[in-house]
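Student: Please take me through the barrel and the pocket of a model, with the cut-offs behind each term.

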Amino acid sequence: MSTTFQLDTSTSRANPTPSPMKRLTIPAIRQRKKDGVTAQPIVMLTAYTARQAQLLDEHCDLLLVGDSLGQVIYGLPSSVPVTLDMMAAHGAAVVRGSFHAAVVVDMPFGSYEASPQHAFESAARLLKETGCAAVKLEGGEAMAETVAFLTARGIPVMGHVGLTPQAVNVLGGYNARGRTEAEAAKIICDARALCEAGAFAIVIEGVVETIAIAITQAVACPTIGIGASAQCDGQVLVTEDMLGMFERVPRFVKIYENIAGTISGAAALYAEEVRARTFPGIEQTYQPK
Ligand code: KIV
């Protein structure tokens, strides 16, 4: 897919504005898994900005506007302080920058836990203000009622079990989950409850691999792994992690590029040229005609 597209100028009430192509839909993602088998694994990456979305869009089935933007973009110590305003602003940017992948926006801590009604208000705001296709929330059995409530009211929900970063203050850190039999059983129950409540997919983060495999076999909806297993129905990574923006990353991250090195190298060269007065050169300045 190139970045130049033929605009489809035919309009209808279902498609009122010309667009380069039809976006993937949430039902299409859900139906990737048929009778327990996902022939084409689901590709998801995080995106927080319009330009990042443009670059990732053609390669991904889902773009996740993760609340990990708290740490990655805003330098916050965890995702706990992230607000609905931040998610709405970044969600809208990612929708503007994409037209192929379905966009999922994370519901931030404090915007959905109190009641299904509160969750509906927050999720409806995200759908209206961003144009995203679905929301994601963290938690298992305790959130099943909320997932059912939102789904029944037209809001597709992606679940998130295992290591749930918004619960860092209860978990005490970001270590892998499910190392005891009781905890493993609880995570599997959580995933089952979300799927039965209507979640269209479930992120499984930071668990012992056997748990991710057991969940993937147990639930009808697709599972999307991060620190989970290649046997999940899809995978997600935080884009900045896999691009090498940070010196240290969790064990489950594979680094595909060294963007930090590239940025730092370019800045060093720029600084050198500014100090030597060799930038701007003749090509970058306006001369009399
Ligand atoms: O916030 C996020 O980026 C996430 C992914 C790591 C799944 O929830």
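Predicted model: local features only at pLDDT ≥ 70, side-chain atom pairs only at ≥ 80, totals over all residues.

Student: In what order do the strands of the closed barrel run?

Tutor: Strands (E, at least two residues) and helices (H or I, at least four) are DSSP runs, numbered from the N terminus; two strands pair if DSSP finds at least two bridges between them. Here eight strands form a closed barrel in the order β3-β4-β5-β6-β7-β8-β9-β10, with parallel pairing. Within it, β4 (residues 62–65) and β5 (residues 102–106) are joined by four bridges, and leucine 64 stands opposite valine 104 in β5.

Student: Which strands does helix α8 touch?

Tutor: Contact means heavy atoms within 4.5 Å. Angles run from 0 to 180 degrees between N-to-C directions, with axes fitted to C-alpha atoms, for helices over the stretch in contact. Helix α8 (residues 181–197) touches β7 and β8, at about 175 degrees to β7.

Student: Which residues lie nearest the centre of the largest pocket?

Tutor: A pocket is an open set of points on a 1 Å grid over the protein atoms alone, where a 1.4 Å probe fits, with protein on both sides within 12 Å along at least five of seven lines; lining residues have an atom within 4 Å of a point. Tyr174, Glu205, Asp241, Pro250 and Phe252 lie nearest the centre, among 37 lining residues.

Note on methods:
Residues numbered from 1 in each chain as written. Heavy atoms only, no water.
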